[in-house]
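Biologist: I've just opened this model and I'm a bit lost. Can you walk me through it with a few questions?

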Amino acid sequence: MALKSVLLVVAVGAVWPKAVESLSCYSCSGETCVNGVDFGAMLDCNGVQDACYTKFNGYVPTERGCTSALNNPCTAGSCESCNSDYCNVLGATQHKCVVCSSVLDENCISNPGELPGQQCGAPSTDVAETQCYSRVIGSVTERGCIQSQSDLDTCDGIQCSTCAGEACNNAEYPEKRQKCVKCSSMECKTSATTSYCDLPDDSCVTAKKTDGTYLKTCEHSMTDSDRQFCQSNPSACSFCGQNECNRNEINLRRPSWVPIRWWRS
């Protein structure tokens, strides 16, 4: 009898498997989807086959919820669905931008075209005219998504630029950004391979060290010892402001009456 009971329990378990938890999604409609504060109310979906969805008018979210509540299928482009808890917070599929900081990835300056566009979060303002930004803060270059009116308002100076189109912020920024040769060796004297400076309008430097080696770099990248060397040996250092201007061998002689920061090759 005991054996029959065990078999019955096993059989029932096979017919009625343990319930799978349903998803939880954000739910909103109309202006509440773009209030800039949150993504909407939190909603537990009814069925295990449910998914979360967001409907869009262009780039702007207009409705969120569980797909079981939809009368019509969620069609890509005007409606996006996903399958994890509270996943319906992303923007439209076409809203992608390069997202990076030169603090973490030097390609953000030197090779942004190789960085993939990332899916942006859902915006809280209409971004039909502009979707991505590139900006410089001090010596740091950043690229990212336009998602709010605040993003637009703060990107109105000469050190920030917006653009429209998928991953449109993957070009050199700013245009004609300063490049200098960066090396330190005997061969550095005639080295002509350049790379971007952290500061877009930096100057280039060439210095002939006392051991006969040459230093070429961006002025902002000079070490304290390099700066001290040039201050103590002004005739051994040349600063220039043109793009890639320290590529060629430079005559390091200068009139003694010319201050070092005035001397431009």
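Modeller: Helices (H or I, at least four residues) and strands (E, at least two) are DSSP runs, numbered from the N terminus. The model is predicted, so local features need pLDDT of at least 70 and side-chain atom pairs count only at pLDDT 80 or more, while totals for chains, interfaces and linings use all residues. Residues are numbered from 1 along each chain as its sequence is written, and side-chain values use heavy atoms, with hydrogens and water left out.

Biologist: Which strands stand at the edges of their sheet, each with a single partner strand?

Modeller: The sheet is an open one of five strands with antiparallel pairing, in the order 2-1-4-3-5. The edge strands have one partner each, so one side of each is left without a neighbour in the sheet: these are strand 2 (41-44) and strand 5 (79-82).

Biologist: And by how many degrees are neighbouring strands of this sheet turned against each other on average?

Modeller: Each axis is a line fitted to C-alpha atoms (for helices, over the stretch in contact), and angles between N-to-C directions run from 0 to 180 degrees. Here direction is ignored, and the average is 35°.

Biologist: What arc do the buried residues of helix 4 cover around the axis?

Modeller: The buried ones are Asp 226, Phe 229 and Cys 230. They sit on the same side of helix 4 because the arc, taken from the directions from the helix axis to the C-beta atoms, is only 95°.

Biologist: Which exposed residues does the face of helix 4 turned away from its buried side carry?

Modeller: The buried side has a cover that includes strand 15, strand 16 (214-218) and strand 17. On the face turned away, the exposed residues are Asp 224, Ser 225 and Gln 231.

Biologist: Is Asp 226 buried or exposed?

Modeller: Asp 226 lies in helix 4, and its side chain makes a polar contact with that of Thr 223 at 3.0 Å. A polar contact is a pair of N or O atoms within 3.5 Å; within protein, one must be able to donate a hydrogen and the other to accept it, and residues adjacent in sequence count only if both atoms are side-chain atoms. Leaving aside neighbours within four places in sequence, Asp 226 is in contact (heavy atoms within 4.5 Å) with Lys 209 and Leu 215. At 11% relative accessibility, Asp 226 counts as buried.

Biologist: Which residue of strand 17 is the bridge partner of Thr 206?

Modeller: Strands 15 and 17 run antiparallel and are joined by four bridges. In strand 17, Cys 237 and Phe 239 point one way and Ser 238 and Cys 240 the other, all of them buried. The partner of Thr 206 is Ser 238.

Biologist: Last one: what is omega near for the peptide bond from Tyr 173 to Pro 174?

Modeller: Pro 174 sits in the loop between strand 11 (160-163) and strand 12 (179-181). The bond is cis, with omega near -15°.

Note on methods
Pairing = 2+ DSSP bridges. Buried < 20%, exposed > 50% of the residue type's maximum accessible area, 1.4 Å probe, protein only.
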